[in-house]
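Subject: Handing over the structure, with notes on what was found

Dear colleague,

I am passing on the structure we spoke about, so that you can look through it alongside my notes. Please read the notes with the sequence and the coordinates open beside you.

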Amino acid sequence: MATTFADQLRSLTDEALGALIQLRPDLVVPVPADISALAVRAQSRGSVARCLDGLDEFTLRILDAARLSRSADNALTSVDAILELSGSTPADDVRVAIDRLRVRFLLHGPEDALAVAGAVDEVTSPYPAGLGRPADYLDPQAAALCADRAKLRRTVLAAPAGARAVLDRLAAGPPIGALNRDAMAEPVRWLVEQHILVPISEAGRAPRPDGELVELPREVGMLLRRETGPLGELRPFPPLPAGSARDRKSVDSAGAGQAMEAVRSAEALLEALGGEPAPVLRAGGLGVRDLRRLARSAGLDDAGAALLLEIAYTAGLLGETDAAGSSRSVTVSRAGGAVDEIFLPTGAYDLWRALSIAQRWHTLARAWMVMTRQPGLVGSRDDRDRPINALAPEAERAGAPQARREALLVLAGLEPGTAPAVDEVLELLAWQAPRRARGREAAHRDALAGAALLGVTALGALTSFARLLLEDPDDDENDPLGVRAAAGQTPHDAVRTLDALLPAPVDHVLVQADLSVVVPGPPEPELAAELDVVAEPESAGGASVFRVTPASVRRALDVGYTATDLHSLFKRRSRTPVPQTLTYMIDDAARRHGGLRSGSAGSYLRSDDEALVAEVLADRRLAPLGLRQIAPTVLVSPLQVARLLSQLRDAGFAPVAEDAVGAAVLSRPKVRRAPTRTTLAARLADQAAPQLLAGPRLAGVVEQLRRGDIATRAARRAPITVRAANGQSVTGLTSVQRHGEAMEVLQQAVRDKARVWVGYVDSHGATLSRLVRPVSLSAGYLRAEDERTETLHTFALHRITAAVTEDE
């Protein structure tokens, strides 16, 4: 059978062989040596299982029909036999499914003698279409009953109600049941006594707590399925979702708003981590308390915060770093000891913040699609009843990217704007690939929830920019040298589409009389950086709101702004008149700012205003500073300058640090970052949607297979002396050619430029033979040309076992 199968593959045209490789790409990973090796791989269990995983429910049922209709004599079936088992299903639909199986070589051979690939029975259920084994295989008495169709029908009709319920359940499949000694003992016992059910045993198994096993013979199951057909209910086409249709513009608008909110939430989470780093648990991951703290700071629930943190980690925006040596005033610790590592934004986060909203969303969406994490598991418990934390190793799932892509492709296959329910999406997935969808329901639900949070879906439908993200126009076949990707000349279509849907970035604000600052749209990066310094955020959205406070003005003065700079900033940015209250607040804060100067003593505090020094010394709130007056205008403290400044500011004073010569030290707070995880960020593009093997690559694979097949078949036709010299068993040959004779043949071939068969031992000890044309023979090496592969080979003379001219 293997030789026949290989011959069938060998007889295919290059186009048909290429189609097989496209449908089953695992067959050429790595590329086999020849078509015989390809045939062996195509019939292996692993390859057949992967091929079956991609087939729909109807095609798998037709494959079951082929298995059921095989002849007992030669294990072959036919198209007519399959059509007969398909019942009332249209013959054209059945033939399409058969062609789908034949082009994948799960069925092969002529229409009247189809063979099922050998490994199909090994990787599928032993009960095709949920039907049991034939009665004559199970029990002679059951076989006799099934042979008498009329008697079998009368026996089934006479079954009591409980027994009939058992039959109906087993007829739907699987046909195996347990003889429960409590509730079902009597009905099952009646069926066993009537030989409708057959007790079976499993060799070497332990006793079952629910009783012995019984099996429903195939003939009885087919009788009970007389209304639906032997294969049960067949659905040639996928179930149509009853979901409502949404307006495409409404879907895109809602999706764009959600995408902007996802970017804002991710930024808020990372900013909160930057301000107060979270410790890495000893077992890995982020603690529950820290997750809830971050979720509250970003206005999210725990599940949404966990999802965005996982995405940020995959995108390289978040990472771990050593807790030691932190320059922050914030102390990161855990109960029971010091922290070894903390979570912090990476250096890539600062570059990400400088991008447009659409580009930032694209980074998050691509990372979500390829990450091998399942955030929906966060908060649940693992097999050992331990909680699964965000960013913990237990949430790793290798099949998560495939599950997300499957769920999104279902939505992409519907009419734009269609919003099916989650259960309808799961039903479609179960029809499209039932073997693959089994056990993935939780992953698919998690994928749909993540898509909604990121704005990939909106109002239950797939957005237009997410549809472009799925299509991924960056096709290597159209740009084999990667010129466009390296140059970065054109942004992704999804980014351009989302940019058009988002409001344009604004470079102005509206300052209100109550000192609130309204930003009527997403701020430009420069404006956002200024607002981070001079105002406190109050609300975010399409129009974000900030508020100017004395603390925010003092913070701006601390980082180097002067009163004149702040007046100019608000006058330049505000489209409304700057309130007089804000002008007074800035001037008052600037007048007080720097009235006190501090230095190291531990630290000192000085002022030209003796009354102000006396006020500080008398303030009881500052008693922990241990202040001591050493001059009318100078106080000293044993504490460091940073703590001295912090407590003075908390008490309402506005001190400024100074250096050794009395100059004010103005600087922004130092921002610490985790190391940039460049390897993971660079891997995102490589882990995108799998590219279909096509074009020149596919043609090259097919040509390599043909060349390898020609070389293998040529080696089999090597002269008998060469095969004997290579150690192959040859009838009637008792000696091998001597090495000296081989050298003589090669020398003459060089002179005559004739082709010879050369037998040799390669570096791995394998004996091979090759038909070549010798070019030169010197320095212990033979150089010869293989005209079939157009390559020049070099053979060490001591490895050559035989040489025979082509004519012999």
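How many salt bridges does the structure hold? Before the answer, please keep in mind that this is a predicted model; within it, the structure holds 45 salt bridges.

**Salt bridges**

Another pair joins Arg373 to Glu310 through a salt bridge whose closest N and O atoms are 2.8 Å apart. Arg373 is placed in the loop between α19 (357–370) and α20 (400–412), whereas Glu310 is in helix α17 (residues 302–314), so this pair ties together parts that are 63 residues apart in sequence. Are the two partners buried or exposed? Arg373 is buried, with a relative accessible area of 9%, and Glu310 is buried as well, with a relative accessible area of 1%.

Since Arg770 lies in strand β26 (residues 767–778) and Asp786 in strand β27 (residues 781–786), the pair ties together parts that are 16 residues apart in sequence. On the strand β27 side, Asp786 counts as buried, because its relative accessibility is 1%.

Beyond these pairs, there is also a network of salt bridges, in which Glu267, Glu271, Arg353, Arg360 and Asp532 are linked.

**Charged patches on the surface**

Which residues form a positive surface patch? The patch is formed by Arg149, Lys151, Arg153, Arg154 and Arg226. One of these, Arg154, lies in helix α11 (residues 149–157), and Arg154 counts as exposed because its relative accessibility, 53%, is over the 50% cut-off.

A patch of negative charge is also present on the surface, where Asp608, Asp609, Glu610 and Glu615 gather. Among them, Glu610 is a residue of helix α31 (residues 610–618).

**Backbone features**

A cis peptide bond, with omega at about -5°, joins Val29 and Pro30, and Pro30 is situated in the loop between α2 (14–23) and α3 (35–42).

His195, although it is not a glycine, has a positive phi of about 65°. This residue, His195, is found in the loop between α13 (185–193) and β5 (198–200), and with a relative accessible area of 25% His195 is partly exposed.

Leu515 also has a positive phi without being a glycine, in this case of about 70°, and its place is in the loop between β16 (510–511) and β17 (516–519). Is Leu515 buried or exposed? Leu515 is buried, with a relative accessible area of 9%.

**Cysteines and a pair of positions**

How many disulfides does a search of the whole structure find? The search finds 0 disulfides. For reference, a disulfide is a covalent bond between the sulfur atoms of two cysteines. Of the cysteines, I can describe Cys51, which counts as buried because its relative accessibility is 7%, and Cys146, which counts as buried at 5% relative accessibility.

Finally, Ala590 lies in helix α30 (residues 580–592) and counts as partly exposed at 26% relative accessibility. Ala590 and Tyr561 are 29 residues apart in sequence, and from C-alpha to C-alpha they are 9.7 Å apart in space.

Methods. Residues are numbered from 1 along each chain as its sequence is written. This is a predicted model: local features need pLDDT of at least 70, side-chain atom pairs count only at pLDDT 80 or more; totals for chains, interfaces and linings use all residues. Side-chain values use heavy atoms; hydrogens and water are left out. Patches are made of residues with over 30% relative accessible area and no salt bridge: like charges are joined within 9 Å, nonpolar side chains (Val, Leu, Ile, Met, Phe, Trp, Tyr) within 5 Å. Accessible areas come from the Shrake-Rupley method with a 1.4 Å probe; for residues, only the protein chains shown count as cover. A salt bridge is a side-chain nitrogen of Lys or Arg within 4 Å of a carboxyl oxygen of Asp or Glu. Lys and Arg count as positive and Asp and Glu as negative; His and the chain ends are not counted. The place of a charge is taken as NZ of Lys, CZ of Arg, CG of Asp or CD of Glu. Helices (H or I, at least four residues) and strands (E, at least two) are DSSP runs, numbered from the N terminus. Buried means under 20% relative accessible area, exposed over 50%, partly exposed in between (1.4 Å probe, protein chains only). A disulfide is a pair of cysteine sulfur atoms within 2.5 Å.
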